[in-house]
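The sequence and the structure are shown first.

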Amino acid sequence: MTNDKRKAISVKIRVPTPFDQLTLQHGPAWKNRFTLAPMTNHQSNPDGTITHDEHHWLTMRAKGGFALTMTCASHVQPQGQGFPGQLGCWSDDHIEGLTKLAAEIKAQGSVSSIQLHHAGFRSPKDLIKTQPVGPSDDEGTESRALSTEEVHQLRDDFIKAAQRAEKAGFDGVEIHGAHSYIICSFLSAGENKREDAYGGNPENRARLLMEILKGIREACRSGFQVGIRLSPDRFGIDPQDILNLSAKLLQDERLDYLDISMWDYNREHEGKNFFQLFADLPRKGVLLGVAGKLYSGTDVQAALDLGADFVAIGKAGILHHDFPLRIQTDPNFEMTTPPVTADYLRSEGLGEAFIQYMKRWEGFVK
Ligand SMILES: Cc1cc2nc3c(=O)[nH]c(=O)nc-3n(C[C@H](O)[C@H](O)[C@H](O)COP(=O)(O)O)c2cc1C
């Protein structure tokens with residue numbers, strides 16, 4: 001073999017490092033492989049407008065070296081709220097605060113995205129003051145099925161929320177299709193018992209998601225970045241359905257990235273690394289990311305070795321606003337092991353409401 005040929009092959013199979021840049025099908029490149037995972041933090045005002053605390057927590061991460069800074073799940077309809085103090089994007093009144101946030105994230109050299117969300121049957125009734133909704137009636141949560149017209153309205157409200165994000169200057173949005181919230185419930189054979197065009201076979205169950213993707217791509221400027229987050233299992237989901245859907249999405253020229261919310265990047269499914277099943281799917285232009293227990297430089301490199309294009313960092317990004325920069329300095333950097341003190345979290349830019357919320361995550365706060 002000639003040296004040139006050998007060089008070409010080794011370039012082809014070279015595994016990326018965490019600090020290689022990424023080009024997407026639309027919008028700005030990402031300067032490295034680190035994205036801040038979407039994280040609910042209870043720091044917004046009751047009307048969904050952003051507060052100083054939420055602005056500060058996010059812009060500190062943008063400064064800390066994340067290529068993409070993602071907001072928490074942000075509800076697209078008032079009745080889709082899942083948490084008190086949730087950031088809203090269901091009204092034009094939210095645009096002013098979001099505009100400042102997008103500008104500051106950009107000023108720090110990071111790409112910005114809002115995670116679009118509707119909590120579906122997981123909306124607490126006492127919070128939304130009305131009956132929660134989902135794909136089907138559900139006795140356990142006392143939620144009711146949306147009518148077909150209401151599904152169309154829901155789709156249109158996801159699209160309108162993306163347009164608000166665009167107006168506010170965000171580089172893009174991520175559609176929250178994970179964790180048994182409404183889009184995930186529609187995808188789930190166990191939870192979606194509808195008999196209209198949005199239920200039944202896998203194609204029908206994915207129709208809401210695909211119509212939202214199409215609608216956002218058509219309504220927003222050509223450089224607007226669109227991602228999707230999916231759960232690979234649980235919540236009545238057949239993993240094969242999500243693998244088939246991912247195979248389709250990874251070839252979709254309207255989509256920029258797919259983020260698989262594993263909760264542990266290293267867990268197994270039928271004797272194999274679960275995420276690897278996604279990483280082995282052919283990809284055409286769409287980036288693939290993974291979230292879950294990425295706590296050190298070694299974990300991040302291991303996820304890239306498995307075939308991820310990027311990683312979504314959760315708890316390590318709470319504990320270290322500059323997790324990417326730490327790994328740049330020391331490739332073996334490991335996150336501090338919780339529990340940590342409330343003062344420590346304050347020093348990392350968390351406000352009181354977020355600290356209170358983190359006390360509910362077992363073993364996180366002393
Ligand atoms: C405090 C907290 C809030 C979260 N909120 C969201 C959310 O709003 N949307 C979402 O898709 N995932 C959410 N997650 C899941 C994270 O995005 C991430 O996938 C998960 O924490 C696993 O990553 P980690 O092990 O690095 O923390 C949340 C996780 C935490 C710890």
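In this predicted model, eight strands form a closed barrel in the order β1-β2-β3-β6-β7-β8-β11-β12, and their pairing is parallel. From one strand to the next, the twist averages 25 degrees. Strands of a sheet pair through backbone hydrogen bonds, either parallel or antiparallel. One of the parallel pairs joins β8 to β11 (residues 287–291) over five bridges; there, Ile 260 has Val 290 of β11 as its bridge partner.

Helix α5 (residues 148–167) packs on the sheet, where it touches β3 (111–117) and β6 (172–177). The direction of α5 makes about 155 degrees with that of β3.

A further helix, α9 (residues 239–249), has Ile 242, Leu 245, Ser 246 and Leu 249 as buried residues. Seen down the axis of α9, these buried residues fall within an arc of 100 degrees and therefore line one face of the helix. The elements that cover the buried residues of α9 include those tabulated here.

| Covering element | Residues |
|---|---|
| α7 | 202–205 |
| β7 | 225–230 |
| β8 | 257–261 |
| α10 | 274–279 |

Which residues are the closest to the ligand? Of the 23 residues that surround the ligand, the closest are Ala 37, Ala 73, Ala 291, Gly 314 and Lys 315. Two or more residues of this shell come from each of β2 (68–75), β12 (310–313) and α12 (315–319).

Key. Residues are numbered from 1 along each chain as its sequence is written. This is a predicted model: local features need pLDDT of at least 70, side-chain atom pairs count only at pLDDT 80 or more; totals for chains, interfaces and linings use all residues. A residue is near a molecule or strand if its C-beta atom, placed from the backbone, lies within 6 Å of it. Helices (H or I, at least four residues) and strands (E, at least two) are DSSP runs, numbered from the N terminus. A residue is buried if 20 or more other C-beta atoms lie within 10 Å of its own, exposed if 12 or fewer, and partly exposed in between; C-beta atoms are placed from the backbone. The arc is that of the directions from the helix axis to the C-beta atoms. Two residues are in contact if their C-beta atoms, placed from the backbone, lie within 7 Å. Two strands pair if DSSP finds at least two bridges between them. Axes are lines fitted to C-alpha atoms, for helices over the stretch in contact, and angles run from 0 to 180 degrees between N-to-C directions.
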